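Dear colleague,

I am passing on the structure we spoke about, with my notes following it. Please read them alongside the coordinates and tell me where you disagree.

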Amino acid sequence: MAPAAAKVLLTDLASGIDRVPDNYIRSEADRPNLTEVEASDASSIPLVDLQGLSGPNRDDIIRQIGRACQQDGFFQIKNHGIPEEKVQAIMNIAREFFRLPESERLKNYSDDPTKSTRLSTSFNLKTEKVSNWRDFLRLHCYPLEEYMHEWPTNPPSFRKEVGEYCTRVRELVFKLLEAISESLGLEREYISQNLGKHGQHMAMNYYPPCPQPELTYGLPGHTDPNLITILLQDDVPGLQVLRNGKWVAVNPIPNTFIVNIGDQMQVISNDKYKSVLHRAVVNCNTERISIPTFYCPSPEGLIRPAQGLIDHGHPAVYRSFTYEEYYHKFWNRGLRTECCLDMFKIPSA
């Protein structure tokens, strides 16, 4: 057997090959079709300036956020309040982590999805038929004191830098949840008060250069099962969003985050706001790192359409369920393009 076959992580396999192994190759109908992707210009994915969110422009910014949630499911934010040096520090830590020697990285490896801190590869090794071109470090990060002791200790500043970043992102999430609640005509605190005890997870995704990027995905098209995702990307393009039936490349803008609506927000909004399909593609020249924060209900949190959005003309689209039930179904189905939400819809009379 060739030594490469024994590699657990893609990072260590990819550095020694010049073609994509068979288990990463998608069927022809399921390939990225990179030539058909539209490049995003500044107008295609809304960019919202949060500068005035606590000032006289608040109502206007809330309207912009509401429009983006309704029409796009994705928007970018600037003047978000997280200092540039904190953002740079977390990106540097991620890069350092994935450049550690294989033996050091593997100390964090697990293919058990129930582990709250783990390094793994692809998506769900136990259920998927085709692998995805990524390695990832997944961390639970709220409450911090419950999870931080499990995190890697190498690089040495990992826990300090990541802990500070998680706290800052959580503050940003609360600002956004208040604005989204108001944009729906709900009380400012409504969404954050209906998530149980809350949960916050984070991934550091590492996409190595790929010798044949047209044959595979970093991650195939999927919606996010959580409430809201705050994505930090490096300067390498790779994220694509489905808009009007076409894939659009969301090219990175320095000092911004990308915010996307997850499945739970679609439920709470009673289908007014959309959780949209997005994917990650890879390239043959450059590694790419992305760091999504997934804000979600706690497992026992009961999710249902907001009562204030249900009336005779707008009946509830979804039954109530716990986040644990939802996430279990999502995880076991794997990344399919049909949204898991359909399994929780109330059959129309």
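In which loop does Asn255 lie? Asn255 lies in the loop between E10 and E11, where helices (H or I, at least four residues) and strands (E, at least two) are DSSP runs, numbered from the N terminus. Before going further, please keep in mind that this is a predicted model, in which local features need pLDDT of at least 70 and side-chain atom pairs count only at pLDDT 80 or more, while totals for chains, interfaces and linings use all residues. Residues are numbered from 1 along each chain as its sequence is written, and side-chain values use heavy atoms, with hydrogens and water left out.

Backbone features

Asn255 has a positive phi of about 60° although it is not a glycine, and with a relative accessibility of 42% it counts as partly exposed (buried means under 20% relative accessible area, exposed over 50%, and partly exposed in between, with a 1.4 Å probe and protein chains only). Asn244, placed in the loop between strand E9 (239-243) and strand E10 (246-249), also has a positive phi, near 50°, and is exposed, with a relative accessible area of 80%. Two cis peptide bonds deserve a look as well: one joins Tyr142 and Pro143, with omega about -10°, and another joins Asn154 and Pro155, with omega about 0°. Pro143 lies in the loop between E5 and helix H5 (144-147), whereas Pro155 is found in the loop between H5 and H6. As background, most residues other than glycine have a negative phi, and most peptide bonds are trans.

The sheets

An open sheet of eight strands runs in the order E2-E3-E11-E8-E13-E6-E5-E4, with mixed pairing; two strands pair if DSSP finds at least two bridges between them. Its edge strands, each pairing on one side only, are strand E2 (47-49) and strand E4 (117-121), and the twist averages 25° from one strand to the next. Within this order, strand E8 (residues 228-233) and strand E13 (residues 288-296) run antiparallel and are joined by six bridges, with Ile230 standing opposite Thr293 in E13.

Five strands form an open sheet in the order E1-E10-E9-E12-E7, again with mixed pairing, and here the edge strands are strand E1 (38-39) and strand E7 (219-222). Three bridges join E9 to strand E12 (residues 278-280), the two running antiparallel, and Leu239 stands opposite Ala280 in E12.

Helix H6 and its surroundings

H6 lies across strand E3 (74-78), strand E5 (135-140), strand E6 (199-207), E8, strand E11 (257-261) and E13, and runs at about 130° to E8; axes are lines fitted to C-alpha atoms, for helices over the stretch in contact, and angles run from 0 to 180 degrees between N-to-C directions. Helix H2 (residues 58-71) packs against H6 at an angle of about 80°, with the axes 9 Å apart, which makes H2 roughly perpendicular to H6 (the term covers 65 to 115 degrees). This contact, meaning heavy atoms within 4.5 Å, is made by residues including Ile62, Ile65 and Cys69 of H2 and Leu176, Ala179 and Ile180 of H6.

Leu172, found in helix H6 (residues 158-183), is buried at 1% relative accessibility. Not counting residues up to four places away in sequence, Leu172 touches Leu50, Ile77, His80, Ile82, Ile230 and Phe257, and its C-alpha atom is separated by 8.0 Å from that of Ile82, 90 residues apart along the chain.

The cores

A nonpolar core is taken as a set of buried Ala, Val, Leu, Ile, Met, Phe, Trp, Tyr and Cys residues joined through side-chain atoms within 4.5 Å. The largest has 70 residues, of which Ile65, Val162, Leu176, Ile180, Met202, Met204 and Ile228 touch the most other members, and H6 gives the most to this core, with 11 residues. A second, separate core of 11 residues includes Leu13, Trp133, Tyr207 and Ala280.

The annotation

The UniProt annotation "domain: Fe2OG dioxygenase", from an unreviewed entry, covers residues 197-297; UniProt positions are given in the numbering used here, feature names are shortened, and annotations may be inferred rather than shown by experiment. In the model, the end C-alpha atoms of residues 197-297 lie 7 Å apart, and the span is 6% helix and 45% strand.

With best wishes

Note on methods:
Angles under 35 degrees count as roughly parallel, over 145 as roughly antiparallel, 65 to 115 as roughly perpendicular and the rest as oblique.
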